[in-house]
Amino acid sequence: MRLILIAALYTAIASTANADMAKLESLKVDDMRKLQVHKVSKLIPKSQFIKADGVSATLSELHGKIVLLNFWATWCAPCRKEMPQLSELQRLLSGDDFEVLTIATGRNDPVKMELFFDEIGIKNLPLHRDPQQLLARSMGVLGLPASIILDRDGREIARMLGDANWSSENAIAILKTIISN
């Protein structure tokens, strides 16, 4: 009897996960077609980055919320195009359940980072840095921009290489689906 209950529970959980996966796949249109949703979540490294205030941090500090982690650089033209949409996404969804976390990777002068944000009118995203690319490399980021979605347990559940309209209806629907699970 116990085995039957366990099997029924497992089947219910698996069918729910598959339904959520199917829903996410159906929302992947336009820019979001590039989003790679993992069938199994991936552990993330414990590499540090430098917060805007100069203090070192790790991604594990963000447990409990869905995070859209975006790696960018001041010299990256697609990053310049994408950043306003990330800012709008942060405005629309940020709170206890969701956060956009931007980390400039590589040699990015903090002053130039501020100028970059000022020039394109970004006021609500963090100016975190990964100057030696330790976090980016340990996460397998090979090009910019790169966006990685982390679940509430701090595990990677999806990834996109290249820019996207993160404030589009599709992107918001995908993230709301993830947040609601």
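A residue counts as buried when its relative accessible area is under 20%. Keep that cut-off in mind for this predicted model. Phe-116 has a relative accessibility of 2%, so Phe-116 is buried.

Now look at the aromatic rings. A pair of such rings is described by the distance of the centres and the angle of the planes. The structure holds 3 aromatic pairs. One of them joins Trp-72 and Phe-117: the ring centres lie 5.3 Å apart and the planes meet at 25°, so this pair is stacked. The two partners come from distant parts of the chain, 45 residues apart. Trp-72 sits in strand S4 (residues 66-72), while Phe-117 belongs to helix H3 (residues 110-119). Trp-72 is buried, because its relative accessibility is 0%. Phe-117 is buried too, with a relative accessible area of 2%.

Phe-117 also pairs with Phe-116. Here the centres are 6.1 Å apart and the planes stand at 40°, so the pair is tilted.

Next, turn to the helices. Two packed helices are described by the angle between their axes and the distance between the axes. Take helix H2 (residues 77-93) and helix H5 (residues 169-180). Their axes come within 12 Å and cross at roughly 45°. This angle makes H2 oblique to H5. The crossing is right-handed.

Which residues make the contact? H2 supplies Leu-89, Leu-92 and Leu-93. H5 supplies Ile-172, Leu-175, Lys-176 and Ile-179. By class, the contact of H2 with H5 has 6 nonpolar residues, 1 charged residue and no polar ones.

Definitions and conventions:
Residues numbered from 1 in each chain as written. Predicted model: local features only at pLDDT ≥ 70, side-chain atom pairs only at ≥ 80, totals over all residues. Heavy atoms only, no water. Phe/Tyr/Trp six-rings, centres within 6.5 Å; stacked < 30°, edge-to-face > 60°. Helix = DSSP H or I, 4+ residues; strand = E, 2+ residues; numbered from the N terminus. Buried < 20%, exposed > 50% of the residue type's maximum accessible area, 1.4 Å probe, protein only. Axes fitted to C-alpha atoms, helices over the stretch in contact; angles between N-to-C directions. Parallel < 35°, antiparallel > 145°, perpendicular 65-115°, else oblique. Left-handed = near helix turned anticlockwise from the far one by under 90°. Contact = heavy atoms within 4.5 Å. Nonpolar A, V, L, I, M, F, W, Y, C, P; charged D, E, K, R; others polar.
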